[in-house]
Amino acid sequence: MDIQILDELACNGHTTLHESAPAAKVVAAGALLAATILAGSPGLAVAVVVTVAVPAWLAGQPIRKTIPFALYPLVFAAIFAVSVARSNPSLALLVVIRAFAAGFIMITLLTTTSFVDVFALLGSVLPVVVADAMFMAYKAFFVLMGELSDLLVTIRLRGADSGARGPRALLRTLRNYGEILGVLILHSVDMTERTYRVMQVRGYSGRIRVEPRDRRFRPADLAIVTYSLGVLLGVLVLR
């Protein structure tokens with residue numbers, strides 16, 4: 001996952017959504033996430049995705065670049081979906097679509113709004129510790145994903161995934177991935193301590209101060225909020 005692409009799209013985009021007030025987009029994203037959670041059938045969940053994708057495409061958002069990022073939550077949703085696929089395939093499909101819809105909504109928000117503006121808004125309504133933790137976790141997540149990708153490439157180059165089959169090969173593969181997970185956890189702990197020391201040296205006093213840009217609500221912002229609330233109301237009526 002390349003965080004530079006997200007920042008590039010968020011800061012240098014010129015779509016209608018980029019010109020909208022961050023607060024309007026955050027409220028709209030919250031309403032659409034609620035609609036995704038409340039969607040009680042796969043068809044209704046797909047409809048929520050369409051209500052996000054079509055306006056974003058019409059506004060000029062590069063959908064082809066953002067869809068791959070929205071697929072990441074499917075990795076975690078697939079674990080639950082596989083476990084219930086036999087007994088309740090409709091629920092498994094609904095979980096997968098919900099995960100994609102939630103990922104697509106958040107990626108659309110993060111590629112049309114600078115993460116500084118997003119976390120500045122969150123910091124005004126959430127406790128300081130929670131807001132700072134989310135701000136740091138956002139960056140750390142992408143760093144760790146990059147390290148995980150590098151570690152996987154390294155073990156493949158060393159022949160750990162040679163394509164052998166059988167119980168021994170499976171155990172060896174599981175042991176290798178377990179060691180990768182252990183290395184990644186140690187790196188994350190080390191990175192957390194190092195980042196905290198750097199922040200203290202730079203004057204961190206228990207709060208990351210972020211100043212949001214002053215953007216007043218315009219008619220277009222009210223239209224975005226009204227549209228997202230309309231989608232949420234539609235889901236409540238049809239579920």
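## Basis

The model is predicted: local features need pLDDT of at least 70, side-chain atom pairs count only at pLDDT 80 or more, and totals for chains, interfaces and linings use all residues. Residues are numbered from 1 along each chain as its sequence is written, and side-chain values use heavy atoms, without hydrogens or water.

## Overall fold

The protein chain has eleven helices and zero strands. Both are DSSP runs, numbered from the N terminus: helices are H or I with at least four residues, strands E with at least two. Of the 239 residues, 33% are buried (under 20% relative accessible area, 1.4 Å probe, protein chains only).

## The second largest pocket

This pocket holds about 370 Å³ of space. L17, L32, P55, I224 and Y227 are the closest to its centre among 20 lining residues. A pocket is an open set of points on a 1 Å grid over the protein atoms alone, where a 1.4 Å probe fits, with protein on both sides within 12 Å along at least five of seven lines; lining residues have an atom within 4 Å of a point. The volume is the space filled by probe spheres set on the points, which are joined across faces, edges and corners.

Helix α4 gives the largest share of the lining, five residues.

## A buried aspartate

D221 is found in helix α11. D221 counts as buried because its relative accessibility is 0%. D221 touches S20, A21, A24 and R216, leaving aside residues up to four places away in sequence. Contact means heavy atoms within 4.5 Å.

Key
Buried means under 20% relative accessible area, exposed over 50%, partly exposed in between (1.4 Å probe, protein chains only).
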